[in-house]
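The following note comments on the model shown below. Please read the numbered points alongside it.

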Amino acid sequence: MSGDHFVSREPFDPHSIEALTPAQEKYYLASQWKLMWWKLKRHRLAVICGVILALNYATIMVSEVIAPYNLHTRNTDFVYSPPQSVHLFHEGEFIGPFVYGRGYELDMELLKRNYPENRDEVQPLRFFCQGDPYRFWGLFEARFHLVCPPENGTFFLLGTDRLGRDMFSRITYGARISLTIGLVGIMISFFFGIVIGGLAGYYGGWVDASVQRLIEVIRSFPELPLWMALSAVLPVNWSPIFIFFGITVILAMLDWTGLARAVRSKLLSLREEDYCAAAELMGAKPGRIIGRHLLPGFMSHLIASATLSVPAMILGETALSFLGLGLRPPVTSWGVLLNEAQNINVVALYPWLLYPVVPVVLVILTFNFFGDGLRDAADPYK
Amino acid sequence: MLHYILRRILTMIPTLLIISMLVFVIIQLPPGDYLESHIAELQSQGESVDEQKIQFLREQYGLDKPMLQQYWYWLIGMLQGDFGYSFEYDLPVTEVVGDRLFLTVLISIATILFTWAVAFPIGIYSATHQYSWGDYGLSTLGFLGLATPNFLLALVMLYLANVYFGTSIGGLMDPEYIDAPWSLDKVLSILEHLWIPVVVIGTSGTAGMIRRLRANLLDELQKQYVTTGRAKGLPPGKLLRKYPLRVALNFFVADIGNLLPTVISGAEIVAVVMSLPTTGPILLSALQSQDMYLAGSFLMFLALLTVFGVLVSDILLALLDPRIRLGGSANK
């Protein structure tokens, strides 16, 4: 034994040799959600899309204020009026945002109404003004708008429809329904997915087998025809609000399968873990084990994949309403607006009826990018 | 192999049974039976009701029997080729369906072929040139394709064709062939018109497929056998062709199960917009007038089409992939 081999009698502290820098410490101690947020922030496109979505959802809070007209205001003198452009300069002179006044003539050859611009009539737009009356969220009367048409003039940014209703205002109001139906639908489908997938994954055996079978059948069915059939069944005499929820439930009924599958496969592997056995030994009931110990482990991932199925719901509603099987007026969604554009002859004469396509595509696209980024951020192995 | 196919066909039976139950429940959901609403409608239009015919139909389809028995009759009838009676057209469903089903199948197959032809090269390019400008450009394009609902695309294309070419691109054949018997000219005319709906229906499926193929091939490219091959000095082109591509090919066939429901859904709604003589417009009008036998048969046909397509893809997959053929299950 050589006596010069020194061993300290002090207890060994591993941290003394690999001390964490503050940055590292922050990283290792961060919660799961914080990690997700940091990863998401690095994904530029996802953040931009998230901001656009947030703005969109912010507008539906105050649709009434943003829309220059009321949802149902009919300008009977301006049926199928083309969009009016906003000008800043009149004959080289700066005036601020204004529109030109318009006359009216009937084209007897095409049987089409024309509204020629009257270049002498300069009508400045009014801002932060009192205009069309509305009931804010159906609660109280108000008249305040962000932008109003000029006195004795009109302001149809995106034209008007067959009843002379302003398309821009209707698209703004339509966002309220179109955007919420996706969220409400995803909540219902989230609930179904977690409960059914949770049961299948936790119990296994015949429960699992029959749920798997059911999911397989639902997935093998072409979605849209089934949606069409189910919504055709909704009674005609239901009130619009019931129809809204009916359609949401129908959309959710075919959508939960993907989530249920994800929950099931995760649970099947997680329930074998030791901490699950420990909880079971301490007498926790299955509901508590699933809800308290198993689900939080992959909740972030679930939410991210749920984000990705919101666009499918929005599209489903748009398609159904477009075909006339979904929501019915006076409830107004983008699909209901597009229903008017179903006839190609109408569209050829009045192409501005196609404008609701733009917000639909924009929202779907941003939801896809945002959901993709969120999913990548929620994946701990990337 | 034969054993595998047999078992695969046997598992189809419960699937189809569950689907038929679902469809039957949907048929039954509207209050009252179809004959009642049909009689009411006839009377409201001031037309006379042929009591004898109504009685005959009621017995034929067992509408006075309990629910379970009705389902049984319906099921047995379908197995014998009797799909019920369309009250709107006053014809047996099989006669209403006629060529439409065939055209739906034709469009679906053409769309899948189109999807493959486009998705395959682009997917490979994107995967092998990951994060290049080409990859970014194609991915963005793919996202756009994925985000644009195909019925809106159909509308916009109809509008553009109308404005710039002054023609209507709706329909599936020149007008003179619509009720004509099948002839070579009619087939050619259909082929001429077919590509527009195929492209419109195919965009979103193609975009999805490119993304899936890219992800799949990327996974494959990171595996160790590829590294080994590269380390041994295989030229990149040959390495790609000989190994990862063949594995990715399996996925191509397997993905029909995902693709087919999308394609058929798309085909239905695009058919309504472009007024194609397929099942879409009839299904819609049947649902609107609650002609439930007709609607139910269509739903059943469409489901059958999907299930059968998946069966074909599974058999092809088994032919391609010995792991499935010998290991037994095609579960993904």
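How many residues does the contact take from chain B and from chain A?

1. The contact takes 38 residues from chain B and 33 from chain A, two residues being in contact if their C-beta atoms, placed from the backbone, lie within 7 Å. This is a predicted model, in which local features need pLDDT of at least 70 and side-chain atom pairs count only at pLDDT 80 or more, while totals for chains, interfaces and linings use all residues. Residues are numbered from 1 along each chain as its sequence is written, and chains are lettered from A in the order in which they are written.

2. On the side of chain B that touches chain A, the elements giving two or more residues are α1, α6 (133–147), α7 (150–165), α12 (256–273), α13 (279–288) and α14 (292–320) of chain B. Helices here are DSSP runs (H or I, at least four residues), as are strands (E, at least two), numbered from the N terminus.

3. Chain B is assigned domain 1 (2–96) and domain 2 (97–320), with bounds from an automatic or database domain assignment. Between them, 26 residues of domain 1 of chain B are in contact with 20 residues of domain 2 of chain B. On the domain 1 side, α1(B) gives the most, with 12 residues.

4. In chain A, helix α5 (residues 167–203) has 37 residues and should span 54 Å at 1.5 Å a residue (1.5 Å times one less than its number of residues). Its end C-alpha atoms are 53 Å apart, which agrees. α5(A) is followed by A:Gly204, whose phi is positive, near 60°.
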